[in-house]
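Subject: Structure for you to look at

Hello,

Here is the structure I said I would pass on. Please open it next to this email and follow along.

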Amino acid sequence: MIKQKVTGFRHTVFPVLAEAFLFLLMLSILEAVYQTPYGTVSVWVGAILLFTVITAVIVHNLVCSYEYRLLQDTLVLCRFVRGREVRRHAVPLRDPGVAVYRGVQRLHSLRVRCRVHRYYLPFFGGVRRTTVLCPGRIGTAPIKLVFKPSDELFDAVMAVLQ
């Protein structure tokens with residue numbers, strides 16, 4: 001069994017400091033453009049939207065964690081929110097129709113009508129994304145699972161497939 005756990009932040013000190021810094025930066029930018037030619041509604045809305053998106057990513061990385069397990073020939077992907085398991089996918093790798101692809105360029109080009117489930121934290125782990133395509137149940141769309149395994153786990157998955 002190979003097991004990998006992916007967490008965002010171990011302590012909440014860094015994200016809280018980052019949020020305070022970003023909030024103060026946003027306020028100073030909005031104050032700097034106030035009553036200038038750049039002080040339009042679109043600049044204000046853009047700055048607020050950017051702050052909101054970055055805040056959402058930081059909160060997501062605070063509360064979510066993921067776990068990948070390879071049990072003989074079954075890959076198990078689990079999502080946890082605040083320590084409770086929310087979603088789990090178990091993929092028997094030896095089943096016909098299961099394919100594993102590595103790389104960012106393959107994510108968007110594979111089968112348009114798949115149900116996509118992402119099991120990774122944004123901005124963490126580089127570009128090691130891996131896609132597992134598996135057939136859905138009878139009458140349902142295929143499933144595309146996207147996760148970021150370590151090199152050891154990816155090599156073990158490829159060894160099971162060969």
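**The nonpolar core**

The largest nonpolar core has 25 residues, and those with the most contacts inside it are Y68, L70, L75, L93, V132 and F147. Keep in mind that this is a predicted model. Helix α3 gives this core its largest share, five residues. At least two core residues each come from β2, β3, β7 (130–134), β8 (143–147) and α3. As background, nonpolar side chains in soluble globular proteins tend to be buried together.

Four strands make an open sheet, in the order β1-β2-β3-β4, with antiparallel pairing. β1 (2–7) and β4 (84–92) are the edge strands, so called because each pairs on one side only. From one strand to the next, the twist averages 15°.

In the antiparallel pair of β2 (residues 64–71) and β3 (residues 74–81), eight bridges join the two strands. In general, the strands of a sheet pair through backbone hydrogen bonds.

**The helices on the sheet**

Which strands does helix α2 touch? Helix α2 (residues 41–63) packs on the sheet and touches β2 and β3, and its direction makes about 50° with that of β2. Helix α3 (residues 151–161) lies across β1, β2 and β3, running at about 40° to β2.

Regards

Key:
Residues numbered from 1 in each chain as written. Predicted model: local features only at pLDDT ≥ 70, side-chain atom pairs only at ≥ 80, totals over all residues. Heavy atoms only, no water. Axes fitted to C-alpha atoms, helices over the stretch in contact; angles between N-to-C directions. Contact = heavy atoms within 4.5 Å. Core = buried A, V, L, I, M, F, W, Y, C linked by side-chain atoms within 4.5 Å. Buried < 20%, exposed > 50% of the residue type's maximum accessible area, 1.4 Å probe, protein only.
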